[in-house]
Amino acid sequence: MISSFIARGQQRLWAADTDNLPLIERFGTVFCRLIYILIRDIADGQLTMRAMSLVYTTLLSLAPLLALSFSMLKAFGIKDVLRPTLARFLEPLGDQASGLVDTMVGFVEKIDVGVLGVVGLALLLYSVISLIQKVEAGCNFIWQVRKPRSLGRRFSEYLSVLLVGPLVIVLATSMTASVTSNTLVDQITSIEPFGTTLYLIGRTVPYFLYSAAFTFLFMFMPNTRVRFLPALAGGLFSGVMWQTASYGFATFASSAGNVNAIYASFAILIFLLIWFYVSWLILLLGCRVAFLLQNPSQMRRTSEPPRLSAEQMEELALLV
């Protein structure tokens, strides 16, 4: 009986003509269809496989990426922003995150980019660019783009992201610190209802910041033209999901006594891998949302047919 009820609900969901529905019903129908497709994509395994691949690449590229960013920040006379940025990203790992941040910062500080030489610097840049290239490959897969960026475009555009990214992080961190430490803000906070209002604004600001970052990624990463509104919708989805998942993961990490008991000091590494996986999966799901909203014809009940390689197409033609 339950299965027949679910089947009737799915039939009504996909039979509805969204163009003729009121605004609220149209939004609800599209939202339910998106959730259905995302769950189906996760069960299909393609997105989860690419998220796990990104976790592996992240482990290889994390130290070079931090070393390059730290060297650039030192060149601009700013070197104290790396620790709070890492602490914010690894905050869901719980109380052990501070020790991991100290270890990572200490390791990065010992890396001197200036003495690496030409070969060492080339390998460092390659490991960093390979991570961005892997992210582009995942986004291109979702957007069904088979031609990646050319080598020249990769070098120039990826390098521009690596140059601008740390400066944007510094600017955002400095603005947040200056606002929170402002005496006028402290005085306003002590007056109600302004104190509660500012508190609520402070709790919602991270959602907007992460949504803006994801929106930029969804417009930049795929090697195709992505309109702003679909990218914004995908960015809002990923931003809200990531911030909410960080709160949930922090609760899980603090209460996972069995994991700590089994893995002991390796538990923080297990949590780090899981958090990387969750973060990359949220990014890929948000990119999928942007693709479906820009291409509503792809929002179908049945999954897409498998994309065959040239060798498989030739074999299929011979069999036919």
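Contact here means heavy atoms within 4.5 Å. Keep that in mind as we look around this predicted model.

Let's start with T57, which sits in helix α3, residues 46-75. Leaving aside residues up to four places away in sequence, T57 touches S130, L131 and K134. T57 has a relative accessible area of 8%, so it counts as buried, the cut-off being under 20%.

Now for a spot on the outside. F27, F31, I35 and I39 make a nonpolar surface patch of about 420 Å². One of these, I39, belongs to helix α2, residues 23-44. I39 counts as exposed because its relative accessibility is 53%, and exposed means over 50%. As a rule, an α-helix has 3.6 residues a turn, so residues three or four places apart point the same way.

| Residue | Relative accessible area | Class |
|---|---|---|
| T57 | 8% | buried |
| E91 | 47% | partly exposed |
| I39 | 53% | exposed |

E91 lies in the loop between α4 (82-89) and α5 (97-109). Along the chain, E91 and Y247 are 156 residues apart, yet 8.9 Å separates their C-alpha atoms.

What about helix α10? This helix covers residues 228-255, 28 residues in total. From first C-alpha to last, α10 reaches 40 Å, close to the 40 Å expected at 1.5 Å a residue. Buried residues in α10 include P230, F237, W242, Q243 and F249. The glycines G234, G235 and G239 are among the buried residues of α10 too.

Key
Residues numbered from 1 in each chain as written. Predicted model: local features only at pLDDT ≥ 70, side-chain atom pairs only at ≥ 80, totals over all residues. Heavy atoms only, no water. Helix = DSSP H or I, 4+ residues; strand = E, 2+ residues; numbered from the N terminus. Expected span 1.5 Å × (residues − 1). Buried < 20%, exposed > 50% of the residue type's maximum accessible area, 1.4 Å probe, protein only. Patch = residues over 30% accessible without salt bridge, like charges linked within 9 Å, V, L, I, M, F, W, Y side chains within 5 Å. Areas by Shrake-Rupley, 256 points an atom, 1.4 Å probe, with all protein chains shown as cover. Salt bridge = Lys/Arg side-chain N within 4 Å of Asp/Glu carboxyl O.
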